[in-house]
Each structure stands twice: as C-alpha cells, then as structure tokens.
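Here's a short tour of a few spots in one protein model. Have the sequence and the 3D view open as you read.

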Amino acid sequence: MESTEALHPHRPAAAIGSRASGRVRLAELVAALSLGIDLGFGQPMEHVLRQCLIALRLADRIGEGEEARAVVYYTALLINVGCHSDAHEQAKWFGDDITAKSSKFDSLGLRGMTAAVRLLGSGNPPLHRFRIGLEFLMSGHREVEGMIAAHATLARTLAHQLGLPDAVLDAVGSSYERWNGRGWPGNRAGNAIPMASRIAQFAEFVEVAHRVGGSDAATTMARKHGGKQFDPALTTLLCRHAGAILDGLDSVRTWDAVIEAEPALAVVLSDDQFDSALLAIANFVDLKSPFTLGHAMAVAELGGAAGSLLGLPSVDVQTLRRAGLVLGFGRLGVSNSIWDKPGPLGPGEWERVRMHPYFTERMLSQSAVLAPLGAIAVQHRERLDGSGYPRKMSGAAISQTARILGAADAYQAMREPRPYRAARSAQGAAEELRAEVRSGRLDGDAVEAILSAAGHRVRRLRGWPAGLTAREVEVLRLLARGLSTKQIAERLVMSPKTAGNHIEHIYGKIDATNRATASLFAVQHGLLSEDEPVPPAPR
C-alpha cells in the first residue's frame, strides 16, 4: 500500500498506530458505511464485509502482494457505494429501489434483466405501470444504463475524497466492467480490467451464492458465468479451492476479521481527516433523495453552533457536529418509494421510517470510536413526551446532545422541501418549533439555541463557482431537487428547450453527467442554501 502521505496530496499525513489512540481507522469508517450499503441492497448486514474477506482470500491465492491487497480491500468495501445516489430515479422506474437492487443477485444475464423489467412501475395501478413500461422501452432503458455507469464514477469520487490511492480509484471506477466487455461503462474487457475490480465484483456474487446455497451454489454460479461476466481464471480458482476460500465465513466475527485484515499499516485518521471523511460520506448519503441534499451538513453546523451557545465543552460540541453528520446514515435502509412519496404514508411505511435511526446506530455500533456518535444519533427523533421513535424514550432519558440534534434536525427539515409540501419560511419554522416546545415534545433551551444559531446565518456574497451564471444556479437548484426539464421550464417561465440548454451548459461547466453528480456539486459548493428555499414540484 502507498505510504500514508500518498493517501491525499492536499492533506497532512494521518497518524499510524493502534485503536488505543482513540482515533478512528479509515477501515472502520468505510466498513460502517458498507453496512448501510447492505441495507440499501436488501442484503443482511455484513454482506459487504464477507465479500471483502472472500476477495482477500482470492487475492492471497493468486499471490497478490501487500500493496495490491490494499487495493482489493478498499475496492471490495466501496464497490457499490454509489448505488443509492439515484435511488429517486430507481424508485420512479421500479417502485421500491431496494427491491430492485436486491434482484441484481437473483440471476445474471438475460434472466436478471427480465427480473428487473418485471418490477417496472411496481406499487402503481395497472395503467400507470403500462405507461412506465412504455416510457422505459422508449427511453428509460438508456437512462438506467447511464445510472449504472454513474455508480462507479460516484464511488470513485468518494474514494478520492477519502484520500485513497489512484490504484483504488481506478479499480473502483471499473468495478462494473465485465470480462466479455459488456459491462459499464463498457470501456474495458478481459485483462484490461484492473485485477482488484475483477476480484471484488466476483467476490460480491460469490458471497450471495454461498450464503444462500453453500459452496456448491457458489461454484455452480462461477462455472456458469466464467469467461462472461467474470475472469475465468478466478472462477477456476474458486472451483478448485472452494473449501479454503469459503470455509468459516459463517462462524467468523466478520467485523473484527475485516478491520484486522486491513493491509499494511493501519491508517488512522487525524481529527481534521475524520471530520472531512464524515462530511464526504454524509453528503453522499444525502444524495439518496433530492429532498435531503445537504441536510446532514446543515444539521451539523446548526447543532454545533447551538452547542457552543449553550456552553457545552468543546469536545462535546465536536461530538455533536459529528453526530449531526451521521444522523441520516440509516436512511439508506429505507426505500425512496417511501422517502419521496408525495402523499401520506401507510402504517407499514411509517414503521420503516421509524427504523432509520436504529439502522444508524447499528451501522456505527461495532466501532469503539463511532458508537458514541450512533448513541446520540439514534435519539434524534425521540421526543420528551415519549411520542418519538425508535424507542419512545422520554424526559431525562434523552441526552442533552440528542435534544439539540433533534431540534436542529426538525428546524432544518422544515426549511427544506418535501415531496408532500413546500419548504417553510424561517419564521414559519421558528413558530412551529416553539409550538413543539409548548406541547412538551422538544427541549426549550435546545430550540432557542438552534433558532439563535439560525438567525445569525449571513448569506454569502460571492461569484458562482465553475463560471455558472445566476440563472444556471437557479436551474441547478431545481434540478438537484428532482424536477424534470419540463417542470424547471414551467417554474422559471422558459421553454423546455431553453431549460434543456441550461442543463447541458451546467453539466459541461461542472463536469457532471447526471442529476446525482450535479447534486453533489451543488451540495459541496453551498448552492442549495438560500434565503428562499426551492419548493417541490407541483403534484
């Protein structure tokens, strides 16, 4: 593996040492994120971690050195990290985006494509499903193809933001290429695909087949698709050494095994690197819905400022900011057919929503450094009168930091658009927050501190990044919130052709290829937070 200094040319070197230092290892943070990716694929938690162990065993069998093993390690953990970024569009086509992604493992090739097509318009009346199916045949299939290629691009972006070496970036960016050249984006085939990409993709499918049907199912799958999707040398290797490669996967303590298997010296993040990595991951998680873009970053800023106003020690303020960044990680485990639903939720849908703070806690619980953040985040939807979730905690059982975080989350959510309502004004949000205090649900001191922090926000006067014009920023803001070209044209009183031209110019200036990458640019450059938030599209 490259030296720690090579992890990122623009950041100071991370400390190298043991977990006794109290700092978090990069492996722990990426492994925690992988648990949310499992949920988003409808897989049991630790699917990606077991996939990583299989990948490392394959790498060992072919004699990969320590530096190459490090590339395999992080490629296996990050291979699917971009797959939630267009969940909004996935839900549009397939109904439940998590169910759609889980079908990836049902079968490969034509049968797999047929299974996905059967999901088109799921959850809608027959006529609507017919319309969705027709639209998909006419143009939607090209959009979905582009989405798959974009997943690898976004995963590569996150790997870069985490400071990983170029070899990891290259491997992650090629993780959906296929041996026969029929993968995504379709630029590579055979031995031109990085070895780490070939190993990580193969290990992903081996893990599912082995978990469902044992070693025989894994080797049968390998024989069938060797030389097509997978490197035939790897499939032959598995078939010859299935026992050594797959034995013990069901009994090993997966988290500990993966963390301790981190190749070379453990990369331990400094405080600044930890904060930067959390922010990068938080922004990626928020890409799951156009209605939550930048939410975690804003909650972290509000919560930290409010904590300082309340006189919390600096270490508690730092913890509060970090807890604000992770509070939405569990949203990965809930379908966008729920998050982006324009009408009221049913009882079953509400039950899924109530689980997302618990999912966050579970994702972070196995790391001694991350678990305290999860313990705060899991309480951010609890209410003093016991009416919150997931555990219906009340009164003094809810920590002060969680009360502050809950008030910050509530305020920021009111200021953002939702699929069923427009964003509320600052005054309207303040009034509603104070009403929650009078009703005994939110802490009065926490609410006043949040409102005070929000009232001191000053709009920045600046030129727009990447040479964007003010009009293009308006278009970008609407695009990021999930509006179509036609809806943008109606909102800004222009022709659809003009709106389309603006979008094309925006993509060119910011080097974006779709809504997800454009949205990430908007979040990272603070283009979504303005005095007048963008309302949702008309129903």
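Two residues are in contact here when they have heavy atoms within 4.5 Å of each other. Keep in mind that this is a predicted model.

Leaving aside residues up to four places away in sequence, E262 touches R25, A27, Y73, Y74 and V267. With one of these, R25, the side chain of E262 also makes a polar contact of 3.0 Å.

Where does E262 sit? You'll find E262 in the loop that runs between α12 (254-260) and β2 (267-268). Is E262 buried or exposed? E262 counts as buried, because its relative accessibility is 6% and the cut-off for buried is under 20%.

Next up is helix α10, which spans residues 232-240. Its buried residues are L234, T235, L237 and L238. They cover an arc of only 160 degrees around the axis, so they lie on the same side of α10. Turn to the other side of α10 and you'll see A233 and R240, which are exposed.

What do the buried residues of α10 pack against? Their partners are α2 (47-61), α9 (195-225) and α11 (242-246). There's also a detail to spot at the start of α10: a side-chain oxygen of D231 comes to within 2.9 Å of the backbone nitrogen of A233.

## Spaces inside

How many cavities of 30 Å³ or more are there? The count comes to five. The largest cavity holds about 60 Å³ of space.

To find that largest cavity, look for its lining: H380, E382, R383, L384, I398, A402, R403, G406, R441, L442 and D443. Sorted by class, the lining of the largest cavity has five charged, four nonpolar and two polar residues.

## D511, out in the open

Last stop: D511, in the loop between α24 (496-510) and α25 (515-524). D511 counts as exposed, because its relative accessibility is 70% and the cut-off for exposed is over 50%.

D511 can also be placed relative to A466. Along the chain D511 and A466 are 45 residues apart, and their C-alpha atoms are separated by 9.4 Å.

Then go to D511, which is exposed.

Notes:
Residues are numbered from 1 along each chain as its sequence is written. This is a predicted model: local features need pLDDT of at least 70, side-chain atom pairs count only at pLDDT 80 or more; totals for chains, interfaces and linings use all residues. Side-chain values use heavy atoms; hydrogens and water are left out. Helices (H or I, at least four residues) and strands (E, at least two) are DSSP runs, numbered from the N terminus. Buried means under 20% relative accessible area, exposed over 50%, partly exposed in between (1.4 Å probe, protein chains only). A polar contact is a pair of N or O atoms within 3.5 Å; within protein, one must be able to donate a hydrogen and the other to accept it, and residues adjacent in sequence count only if both atoms are side-chain atoms. On a 1 Å grid over the protein atoms alone, a cavity is a set of points where a 1.4 Å probe fits but cannot get out, and a pocket is an open set with protein on both sides within 12 Å along at least five of seven lines; lining residues have an atom within 4 Å of a point. Grid points are joined across faces, edges and corners, and a volume is the space filled by probe spheres set on the points. Ala, Val, Leu, Ile, Met, Phe, Trp, Tyr, Cys and Pro count as nonpolar, Asp, Glu, Lys and Arg as charged, and the others, Gly among them, as polar. The arc is that of the directions from the helix axis to the C-beta atoms.
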